[in-house]
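Let's walk through this structure together, one piece at a time. Have a look at it below, and then read on.

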Amino acid sequence: MRTAGKVAVVAGCSSVGNGCAQALKDLGAGIIITKTDLLNTLKAAMEGYKVTTMDEACQEGNIFDITTDCVNIILGWHIEQMKDVAIVYNTGPFDMEINAKCLNENAVEKVNIKPQLDEAVAETCLGKLTKLTMKQA
């Protein structure tokens with residue numbers, strides 16, 4: 001997967017999120033950190049990352065790395081606003097961060113690439129087809 005020139009959205013900037021952001025940056029991706037808690041948000045801003053909300057970042061990102069272990073970080077309406085061929089994955093042990101139910105319900109086509117890796121073409125309420133690759137824990 002080529003990451004150079006892509007925009008990677010990292011949700012959460014704890015030690016895991018920071019490591020993921022640095023790895024993606026080293027591969028040439030532009031990084032956006034979504035706001036989590038105040039201290040980690042400040043830390044990410046001081047390290048030079050763009051910090052915003054998921055509501056804004058979902059429209060800009062090509063790659064979404066979720067590292068928060070919080071519930072409902074990516075909701076159905078975030079998925080609707082993502083660019084075509086977005087890659088969404090979770091770097092934690094749980095799959096509660098991504099609203100996979102919404103994606104599965106709106107999937108026009110779904111292909112299981114390998115265990116825990118699905119590619120789905122979803123029709124959004126806006127009428128556009130969006131292709132997402134999603135890794136589930």
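**A helix and its surroundings**

Start with helix α2, residues 38-46, where N40, T41 and A44 are buried. Buried here means under 20% relative accessible area, exposed means over 50%, and partly exposed is in between (1.4 Å probe, protein chains only). Helices (H or I, at least four residues) and strands (E, at least two) are DSSP runs, numbered from the N terminus. Seen down the axis of α2, the buried residues fall within an arc of 105 degrees, so they line one face of the helix; the arc is that of the directions from the helix axis to the C-beta atoms.

Before going further, please note that this is a predicted model, in which local features need pLDDT of at least 70 and side-chain atom pairs count only at pLDDT 80 or more, while totals for chains, interfaces and linings use all residues. Residues are numbered from 1 along each chain as its sequence is written, and side-chain values use heavy atoms, with hydrogens and water left out.

What do the buried residues of α2 pack against? Their partners are β2 and β3 (50-52), where contact means heavy atoms within 4.5 Å. On the face turned away from this buried side, α2 carries the exposed residues L38, L39 and M46. Just after the helix comes G48, with a positive phi of about 95 degrees.

Strand β2 (residues 30-34) includes T34. T34 has a relative accessible area of 3%, so it counts as buried. Leaving aside residues up to four places away in sequence, T34 touches V9, V10, A11, G12, T52, T53, M54 and A57.

M54 also leads us to the largest nonpolar core, which has 18 residues; M54, F64, I66, I74 and M82 have the most contacts inside it. Such a core is a set of buried Ala, Val, Leu, Ile, Met, Phe, Trp, Tyr and Cys residues joined through side-chain atoms within 4.5 Å. At least two of its residues come from each of β1 (7-11), α3 (54-57), β4 (63-66), β5 (86-90) and β7 (117-123). Apart from this core lies another, of twelve residues, including A8, A29, Y49 and I63.

Finally, visit two loops. N72 lies in the loop between β4 and α4 (76-81) and has a positive phi of about 55 degrees although it is not a glycine. V85, in the loop between α4 and β5, has a positive phi near 60 degrees.
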